[in-house]
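The sequence and structure come first.

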Amino acid sequence: MKVVVALAGLLLAAVALAQPVTIRYACSTGGDNLKSLNEVVRQFELAHPNIHVKVEPIVDNYENKLLAMYAAQVSPDVATQNPSRFIMFTSRGALLPLDKFSDLNGPEVNLKGRYPNTVNAFKYEGRQYAIPRDVACSAYLFYNKRLFREAGIPYPDGTWTWDTRVRPELREKDFVWVVSQLTKRAEGKSKPYQFGLASAWPQLWMETLLLSRDVRMWDRDDRPTKLLLDDPAVVETFQFAADCLNKNHWMPSFTDVTLGSGSTMQDEFRKGHVAMLESGAWEVKDMRSKMKDDWDIAPFPTFARGTGTALPGEGNGLAIFSTTKHPKEAWEWVKWFCGPKGLTAMARAGESQPSIRELSIRPGVWLPAADASGAALVPANLAITDSMAMRVKFRQLPDWFSGIQNDLQNSYYGVLSGEKTAENVLADLQKDEPAKLALAIRRVDAPPYPYSAGLAVGIALVLALLAWVYAPERKKRTSRTEKQESRSAYLFLIPWLCGLAFTVGPMVYSFLLSFAESDIIQTPKWRGIGNYADALNPRVDDTLYISLRQTFYFAALSVPLGIAFALALSLLLNQKIRGVPLFRALYYLPSLASAVAMSLIWGRLFDKDQGVINLILYGSDGKSGFLHLGPLLSNLIGTPGEPLNWLGNTKTVIPAFVIMGLWGAGGGTIIFLAGLQGISQSYYEAATIDGAGSWRRFRNITLPMITPYIFFSLITGVIGALQVFGQSFVLTGGGPDRATNFMVVWLYQKAFGELRMGYASALAWILFVVILLFTLLQLAAARKWVYYEGELS
Amino acid sequence: MSLEVANRDRIDATARRVRKIQSMAIWFVLFFGAVVFMLPLYVMTAMSLKSEVEIANTSMWAWPQHATMANYVTVLTDPNLNFVRKLAKTLFLAVVPTCASVLTGAMVAYPFARLKFRGRDRLFLILLSTMMLPGVVTLIPGYVLYAKLGWINTYKPFIIPAFFGGGAFGIFLLRQFMMGIPREIDEAAKLDGASNAAIFWRLLLPNCGPVLATLAVFGFVGGFKDFMGPLMMLNDPDLMNLEVGLRSLQQAHKTEFHLMMAGSMIVLLPIFIIFFSCQRYFIRGITLTGGK
């Protein structure tokens, strides 16, 4: 008997062992890279039949989503981490310290053979939390060899330097001189047809200059206590960065290219409009396949008056979540993917430079080997990626600093767009930011949240609501049949009452949360009315007022226009004309299409040079156009002689959003059509007999009869417009210069970008009060103009 | 006498001609409006038929020189995107919650439209005010709640709340529509001894066709196109719907326009068909007035 039990036990154990352990691996990889990754996974599973790796790519807001997953206790076992942001996880205890594994310092992991700056970047409080996988310097200069030859400038050998002025005496050893020489203008024009330089995105340009000059905007990285924005070196660097774009026109403006025309700096470079492009090594693969001219890469110059060599970069590594149930298996996957086999496969796919130095410099892995004909693939100079990887500098900043860091980064836009001088922008920042920093530090040290008091308030709120509902009926006597009817009514209401619990509960919770500083992971801290006070105090944060102003502006334009447009359309679509059903469907179609795809298309329709809007306004020659409307508008907006840059200009971006919104008028049209069809024909017949013309019939019958529908559209329209989110989220990301930083966009950014759930809740309640006020106002005004048929008094 | 008849005929003829010209004019206005409205979709279609290289090198207005269905094939067969499976999941996420919310919505609307009960007026006010509540207020705590219930990364946050009446907007429309149905019907049934449940199920519900169709289409379209919901509540790529799947074609450093547009076109097709075939009921289903 015992033997049988033992055998059965053994059998069970064997089955359990044979069952592979599943490791969930979260990454921000997408597209083609995913294919290479899946191949690596396949190889790994072949070598480790007892482990199954499930890849979970996260598309948007990688870190925040991951953190939210951790809060929801559904975190993956292994996740890709970024050296400048993994502190978000370690500081919350989300990651497993890797020194738990005895072979961390062994030859297999080979920490010593990896680029030391990336290895150290993944240390927190002296312990290793992630194994670096790849490293990528973002500050390579891709250059067009043909344009260098045409300008008679030798190809860069990497010994050049930069300064904030042109030094013609140094010729090609001066980067700025090279840039200025490569900028070509037609006679008498200020805007060049060929730019000397472009940078892939605005922050990259500014941060490259700041880092390479070793200019600091705050004192310590681990706990910033002081901002150094009035440092003359900061002012000078900011101004130089902006002058390259606006004063000297050496570089194309970011708003013109990326926001204005849906193109990218990469495309401009490949078209030969730009001689040099600053971007990362991940560009190499695309360049190989798409660039027609011959090209190569060169290192970014060092600063002439300094000794620093640091450059901005990206990189990632693999970390294990502390919640994993299978640390051993997870560790196997980390070692494999960050080891020679995983690295080689990914590097061969073309986009990631291995963190193991020996692999990085071996031809045929990251560097291309000579092909069959013996010729090396472009770029010839790819070997510099080794020395450049050593120059990459990562910063670990505490995440409570991210709000201030965002403000600093947002200020780049104002400077680079040329709207303000560097001095003004920095002076403004220096005025506001130190107070914010002090506040942030104070928030970190706030007392814990009083749970029981909070719970008591929550219960009291729910009881008060119940009391309010039943107060008027307390003394009423009810008959037996009434009681019966009441009982059966409540049976019908059960689903909704359950749902109400799901609404009221979170509302109460959000109300209580609005008095806290909470990331919903760590113990919340008590802020009292601090969140509301901060939001409402323009000296701490003026975003609320800007954001409210822009939201109101949007609502004031879009709601009346949208309603008028939908009403007019519904009047047309209510005629008895051939093909009306098809027309109705066609007008409704744009509001059915995928919102993401439509936003991308709209980005192109508002294109500064190619878009249809500007084509109508300015004509094909860019000057005349329909009724000369374009030049008139340009003068009005303050950019005479330039086509409007719809999405890139703070003055036109909201009208552009409103125009986009009109394409969604199909939904409103349906509501109005319903209203129109509800009007009895007898009214019209009577009016026609009385001799009323079509305008009078519209004015005196249609309009009054349809007021309830207008009213409904108005209420829902205002509520919707005050919560506008999608277009800004997909198209402009709150920019330019906070012009589309609508309330919900800002709130979302605070909640999921900075994980300040308490503050975001306070913002949500402020928005709720605003919406409530508007709705009550409209309800009060409605008595004056809304007509309900059959309603007495 | 004959003169009078001739006169009337002439007037009628003129009136007819005027009407004809009028409707021609309206037709042309509608036609040109529709052309303008179709512009984004034209660009979408054109891009979906171009290769990646052609998109980069030609104007977006140009009709593809070498129109190709390759993008559609890629989208439908790419194992990473897994279109067909995602389509099935998307349909599930659109159909099941829609059915649940339309049915329970009608159930909840019935007492508000027809029965007297304690606290009715104030409960109805609460119902209306939840319509005014910005979704963002409950976004964060909603996530926390679902996390605590262990619903994250499952379909529960989409399915279970749909059984709670499916939102104030639908309940409101249903109530308005039910109020427009003559009361005599259910009063007669009541005299015959029918229960409220029987009245609701046998008499009211069958008469609510248009509004049920309207809400079903709204619900289906909303569920089919939902982006934020799956983005927040789901992590597992095998559970994601199409809209999020398409977004994954738009990456940090480049957007695969050709594939994205082809995918969007495929997604648009079923929604368009449903709308086109249901629109007759649709407009009749929306009543905001009457029956006070």
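## A parallel strand pair

In this predicted model, strand β9 (residues 195–199) of chain A runs parallel to strand β10 (residues 274–279) of chain A, and 4 bridges join the two.

Strand β9 of chain A is largely enclosed by the rest of the structure, because 5 of its 5 residues are buried.

## Chain A overall

Chain A contains 33 helices and 16 strands. Of its 793 residues, 44% are buried. Along the principal axes, the C-alpha atoms of chain A fill a box of roughly 100 × 95 × 55 Å.

When contacts between residues at least 6 apart in the sequence of chain A are considered, 72% join residues at least 24 apart.

## Contact with chain B

The contact between the chains takes 97 residues from chain A and 87 residues from chain B. On the side of chain A that touches chain B, helix α20 (residues 480–513) of chain A supplies the largest share, 20 residues. By residue class, this side of chain A divides into 67 nonpolar, 18 polar and 12 charged residues.

The size of an interface is often expressed in another way, as the accessible area lost when the parts come together.

## Helix α3

Helix α3 (residues 62–71) of chain A is mostly covered, with 7 of its 10 residues buried. The buried residues of α3(A) are E63(A), L66(A), L67(A), A68(A), M69(A), Y70(A) and A71(A). After α3(A) comes Q73(A), which has a positive phi, near 60 degrees.

Most residues other than glycine have a negative phi. Which value does phi take in R171(A)? Phi of R171(A) is positive, near 50 degrees, and the residue is not glycine. R171(A) sits in the loop between β8 (161–162) and α7 (175–182) of chain A. This residue, R171(A), counts as partly exposed because it has 13 C-beta neighbours inside 10 Å.

H249(A), also a residue other than glycine, has a positive phi near 55 degrees. The loop that holds H249(A) lies between α9 (232–246) and α10 (254–261) of chain A. There are 18 C-beta neighbours inside 10 Å of H249(A), so H249(A) counts as partly exposed; the cut-off for a buried residue is 20 or more.

Technical notes: Residues are numbered from 1 along each chain as its sequence is written. Chains are lettered from A and ligands numbered from 1 in the order in which they are written. This is a predicted model: local features need pLDDT of at least 70, side-chain atom pairs count only at pLDDT 80 or more; totals for chains, interfaces and linings use all residues. A residue is buried if 20 or more other C-beta atoms lie within 10 Å of its own, exposed if 12 or fewer, and partly exposed in between; C-beta atoms are placed from the backbone. Two residues are in contact if their C-beta atoms, placed from the backbone, lie within 7 Å. Ala, Val, Leu, Ile, Met, Phe, Trp, Tyr, Cys and Pro count as nonpolar, Asp, Glu, Lys and Arg as charged, and the others, Gly among them, as polar. Two strands pair if DSSP finds at least two bridges between them.
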